[in-house]
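Colleague: Please take me through one part of this model closely, in plain terms. I would like to see how its pieces are laid out, and then what else is worth a look.

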Amino acid sequence: MKKLITGNEAAALAAKLARPQVIAAYPITPQTSIGEKLAEYTADGSLKARYIKVESETSAFAACIGGSLSGARVFTATSSQGLALMHELLHWASGARLPIVLVNVNRSMASPWSLGVDHNDTLSQRDTGCLQIYCETAQEVLDTILIAYKLAESVILPIFICMDGFLLSHYSEAVNIPDQDEVDLFLPPRDAQYFMDTNAPATFGGGVSSEALYQFRQRIQADMDNVLTEHDRICDQFYQRFGRRYTAVETIKPENQELVIITNSTMAGTVKAYIKEKGQQKGVGLIKIRFFRPFPKEALKEALKGFKKAIVIDRNLSPGSGGIFSQEIKASLYGSEDQIPIVSVIGGLGGVDVTVDHLDRLVCEVLKQKKAQPGTIWMEA
Amino acid sequence: MIEVKISGRGGQGAVLASQILATALFKKGLSVQAFPSFGAERRGAPVSAFMRSDSEEITLRCGIQHPDWIILFDPQLLENPLIMGGATENTSILLNASKDLSFFDISGFKKTFRVDATAIAEGLNLKTTSFSIVNTAMIGAFARASNLIDIDAIAAATRDLAPIKKQENVAAAETAYGRIKEVLR
């Protein structure tokens, strides 16, 4: 059934369809309506879950850890400072190998306070061992949450589904809502291999030797290395059942491949509109990066083939370094034979608009330059 | 693509108006987006909501810079540069206003329409302690002014989305559809 709903409603609906047994979330703009919707579903009985009311995001995530350790499927959602407040527990959850699904509605970090989107909140959690996927549309949010449960429970690691605040969370748009029966067939209940069981007592997250910790870290890396293969396998199943295909990296290749814009999230949607309107005849293509952790190096290299130049647009800033995606992309290409010039651009911080006209002026400027400009270009705001 | 900006005071229902309009167009098979202005909204402060529709898929994700239409729930907003900044000679406007528009400069727009939505809303007892709820009347009038959508589709979407007083809200939309006037310069 196709309905007009917001990105946040799509997230709450997906969570409901996944049948989580424990939900704990603390309100923060622009995430609030996800928690409110799920509270409504549990109150009216349409979702049989334990909704734990908490006094902070730390407690919300701690409740998710408890639920997940007991073998339950759990869900939480947050934004910005709320995610930062969960920080130490994110490390804990990945170390304890808990497949917690967290939706983060991206919002810039204070100070100063802003409600607008950028990705510094989730990218600050880069090294916590949580998977990260960035979505462009409400449909993608809904579908990715279903895929995320299956993926997280298969590789046994926590996962973030990241969606842009307001530009996605508060846009009403058409979404195909799958039937519960179909979702149940795609996503059966969690079958935890290890969980807290009073009949078979065991210690979780206890003290270990240095050597044991070392081995645990090696295992996380090995399982991370397997995530993208597993994701492809699950996305095949998803495609067969629901007819929508998702990949770690999405590419638009024009006939004449002069330049590619690499970006993520809703910015990719505006780039698509630009390509259709003006970019196509200039030979402009798109690489939309969905996965940030693990970083899809091989898919990126494949997607770049044939392009002569690349612009990376980062809606984030690592002060003192520059755009975070740009760093990752350059590092991924280190040592590869067919390297192309890469122009690093920062744009849209704090929710500043990036329009088709902005993109066109940027592309025209970059196409004129013989050599890629070193350092970082700031888009007009 | 058609881009519409709906501006009013926080609490007057601009966001719901954008959703009613989007729903009506969506049910006709068009691709739509409806979204509020972003920020910390306050009751009484100028706020805007937006609506895009197109026969093709819309992938654009940014604010509406130069709307084809601006719908103003309060004609005083004509003087607010934050609301009117993006208007061009291709922008048409629809005002909630009783007869006298001589206080306002309405030159420079493609077309100007007015409807006394406050009188229609109050006649149907659509009001709170602070405001008349003019959103459904304004959307009914917009259907006539823009020729984008028929009043039956607006009435159906209003019935779906109005949280209370469904019948009165549908009546407001239909009455305003009948009473709208073009303002000739």
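Modeller: A helix here is a DSSP run of H or I with at least four residues, a strand is a run of E with at least two, and both are numbered from the N terminus. The model is a predicted one. By that count, chain B has six helices and seven strands. Read from the N terminus, the order of elements in chain B is β-α-β-β-β-α-β-β-α-α-α-α-β.

Of the 185 residues in chain B, 56% are buried. Among contacts in chain B between residues at least 6 apart in sequence, 61% join residues at least 24 apart.

The part for the close look is in chain A. There, seven strands form an open sheet in the order S3-S2-S4-S5-S7-S6-S12, and the pairing is mixed. Strand S3 (50-52) and strand S12 (291-293) of chain A are the edge strands, each pairing on one side only. On average, neighbouring strands of this sheet are turned by 20 degrees against each other, if direction is ignored. Strands of a sheet pair through backbone hydrogen bonds, and they may be parallel or antiparallel.

At the S3 end of the order, strand S2 (residues 22-24) of chain A runs parallel to S3(A), and three bridges join the two. Within this pair, Val22(A) stands opposite Arg50(A), a residue of S3(A). Helix H2 (residues 32-43) of chain A lies across S2, S3, strand S4 (74-78) and strand S5 (101-106), and runs at about 140 degrees to S3(A).

Most residues other than glycine have a negative phi, and most peptide bonds are trans. Arg97(A), in the loop between helix H5 (87-95) and S5 of chain A, has a positive phi near 60 degrees. Arg97(A) counts as buried because its relative accessibility is 17%, and the cut-off for buried is under 20%.

A cis peptide bond joins Ala110(A) to Ser111(A), with omega about 0 degrees. The bond from Ser111(A) to Pro112(A) is cis too, with omega near -10 degrees. Pro112(A) is also in the loop between S5 and H6 of chain A.

Ile156(A) is found in the loop between helix H7 (138-155) and strand S7 (159-164) of chain A. Its phi is positive, near 55 degrees. At 27% relative accessibility, Ile156(A) counts as partly exposed.

One more helix of chain A is worth a look. Helix H12 (residues 324-333) of chain A is mostly covered, with seven of its ten residues buried. Among them are Ile324(A), Phe325(A), Ile329(A) and Leu333(A). After H12(A) comes Gly335(A), whose phi is positive, near 85 degrees.

Note on methods: Residues numbered from 1 in each chain as written. Chains lettered and ligands numbered in written order. Predicted model: local features only at pLDDT ≥ 70, side-chain atom pairs only at ≥ 80, totals over all residues. Heavy atoms only, no water. Pairing = 2+ DSSP bridges. Axes fitted to C-alpha atoms, helices over the stretch in contact; angles between N-to-C directions. Contact = heavy atoms within 4.5 Å. Buried < 20%, exposed > 50% of the residue type's maximum accessible area, 1.4 Å probe, protein only.
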